[in-house]
Amino acid sequence: MNEDNGRVLFTGGRVFDGTGSAAVPADVVVRGDRIESVRPGGGTEPEPGDRVVDCRGATVMPGMVESHSHLTFPSAVGHIDPSFNPPLDVSFFHHMPTPDEHLAIAERNAAILLDQGFTSAYSAGSLTPVPTEIVLRERIASGATPGPRMRAASFERDNNPVRMGPDGPKPQKTGPGAVREFIREQAALGFDSVKLLMSNDDVFFEGGSMVTQYSPEEAAAAGEQARESGVWLNCHAQSPESVKLAARCGFRSIYHCSYADAEAIDLLEERKDSIFLSPAVGIMWANVHEGAEFGIDTAMAEKMGSVASLAAMRELYPELRKRGLRVLPGGDYGFPNNPIGRNARDLELFVELFGYSPAEALRATTFHGGQVMDLPVGLLAPDYLADVLVVRGDPTEDVKLLQDKDNLLTIMQGGRFHKQAA
């Protein structure tokens, strides 16, 4: 009997390598936790001790990256929590889980996301100031719990003189010094990135999305301190001015951008090699079309700004696509009408609403996802981490295939099988 040589051979399928090129017949060889080679044409003869995965009728592709994850949000497929459904219901904050209970929720969500083929996740912010995401990140990395490898983000700072929290309103300092202090504190806790609410949001009050909450001096101080502290800056930004401040001051991931004007678009294009955009179209689609069960009818969706935001995104993001901006799927999942586990739907929305081809949408969630993670993931190429999906059918023709986890025949993360079909 041959000894296991630590090599896995994915053979007989078509390979989408993440670059955006068409899927072609090829074999993928994994050794240990890395991709050893991709062999066009297929027909690779197994070596003694190989573990062989038969991929006939399937597509082999990189694991997906969720660019706007909220693993501490409470709602996931099969686990809907209507008590976190702003603005209609935020009673979640009045019966807060203990830190251990909240960690258990986040671990459950992480496992669900991995089951859906997302092998990495870039956080768009923790729900509370408790560093649950840091603990979760380390537990996943150690193998103590299954989930996507993570980049953890702080809770979002809104820059109001009064900050609302689970214990009620508390005074909050503002100004450049206060912003610097917040970033230093979050960096010291161990977060990979710090999130600022650069604009407000219509969910909180009418016209909120057009209210810019940070001054140029505060935004500049945030950028300087993030570089000094060795963390990335993320932000919620909808108003034109908030997008411009984020672009000028070195923010790395900018979420929504719904109302970016011509000047903001030009700034984003000038800085397209250092900026990632995540429109979070999933939540807007869910609010406009799938919220009635949870009290979000058409009138409420209009009041929340979701109708206007979705319409603005449909105008904006095809233009950003043309300009070569790195726009990533990731749709603010974790709400009752947009639960974690439906994340792959964003790829369909990129195709249907933004004009992406299926291969372009897949490239965004793999290759560009690896870039936002700043890790060797998102490509099937030598020396990249062996995050591999085997998908029934051809998602480069129909990205909707990825929304059914039963189509994910094999999920490999870092060379280890999370799932393998019989």
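## A charged pair to start with

Glu 263 is partly exposed, with a relative accessible area of 41%. Here, buried means under 20% relative accessible area, exposed means over 50%, and partly exposed is anything in between (1.4 Å probe, protein chains only). Lys 244, at 7% relative accessibility, counts as buried. The side chains of these two residues, Lys 244 and Glu 263, meet in a salt bridge, with N and O 2.9 Å apart. The pair ties together distant parts of the chain: Lys 244 belongs to helix α5 (residues 240-248) and Glu 263 to helix α6, 19 residues apart. A salt bridge is counted when a side-chain nitrogen of Lys or Arg is within 4 Å of a carboxyl oxygen of Asp or Glu.

Before going on, remember that this is a predicted model, so local features need a pLDDT of at least 70 and side-chain atom pairs count only at pLDDT 80 or more, while totals for chains, interfaces and linings use all residues. Residues are numbered from 1 along each chain as its sequence is written, and side-chain values use heavy atoms, with hydrogens and water left out.

## The whole chain

Zoom out, and the protein chain comes to twelve helices and 18 strands. Helices (H or I, at least four residues) and strands (E, at least two) are DSSP runs, numbered from the N terminus. For 422 residues, a compact globule would have a radius of gyration near 22 Å, and the chain's 21 Å agrees with that. That radius is taken over C-alpha atoms, and the globule rule is 2.2 Å times the number of residues to the power 0.38. Along its principal axes, the C-alpha trace spans about 70 × 45 × 45 Å.

What share of the residues is buried? Buried residues make up 59% of the 422. Of the contacts with a separation of 6 or more, 70% are between residues 24 or more positions apart; a contact means heavy atoms within 4.5 Å. The chain exposes about 16400 Å², and carbon and sulfur atoms supply 51% of that. Accessible areas come from the Shrake-Rupley method with a 1.4 Å probe, and for residues only the protein chains shown count as cover.

## More salt bridges

A search of the whole structure turns up 25 salt bridges. One of them joins the side chains of Asp 50 and Arg 7, at 2.6 Å from N to O. Asp 50 sits in the loop between β4 (34-40) and β5 (51-54), while Arg 7 is in strand β1 (residues 7-11), 43 residues apart. Asp 50 and Arg 7 are both buried. They also take part in a network of salt bridges that links Arg 7, Arg 31, Glu 36, Glu 47 and Asp 50.

Glu 290 and Arg 342 form another salt bridge, with their closest N and O atoms 3.4 Å apart. This one also connects distant parts of the chain: Glu 290 is in the loop between α7 (281-289) and α8 (298-303), and Arg 342 is in the loop between α9 (306-322) and α10 (345-354), 52 residues apart. Glu 290 is partly exposed at 30% relative accessible area, and Arg 342 is partly exposed at 31%.

## Strands on the inside

Is strand β8 enclosed or open? Six of the six residues of β8 (residues 118-123) are buried, so this strand is largely enclosed by the rest of the structure. Strands β7 and β8 run parallel and are joined by four bridges. Two strands pair if DSSP finds at least two bridges between them. In this pairing, Met 64 stands opposite Phe 118 in β8.

Now look at Lys 195 in strand β12. Lys 195 counts as buried, at 4% relative accessibility. Lys 195 and His 236 are 41 residues apart in sequence and 7.7 Å apart in space, C-alpha to C-alpha.

The peptide bond from Pro 86 to Pro 87 is cis, with omega near 5 degrees. Pro 87 lies in the loop between β7 (64-69) and α1 (99-115).

His 256 has a positive phi of about 80 degrees, although it is not a glycine. His 256 is in strand β14 (residues 253-256) and is buried at 3% relative accessible area. Cys 257 has a positive phi too, near 60 degrees. Cys 257 lies in the loop between β14 and α6 (262-270), and at 0% relative accessibility Cys 257 counts as buried.
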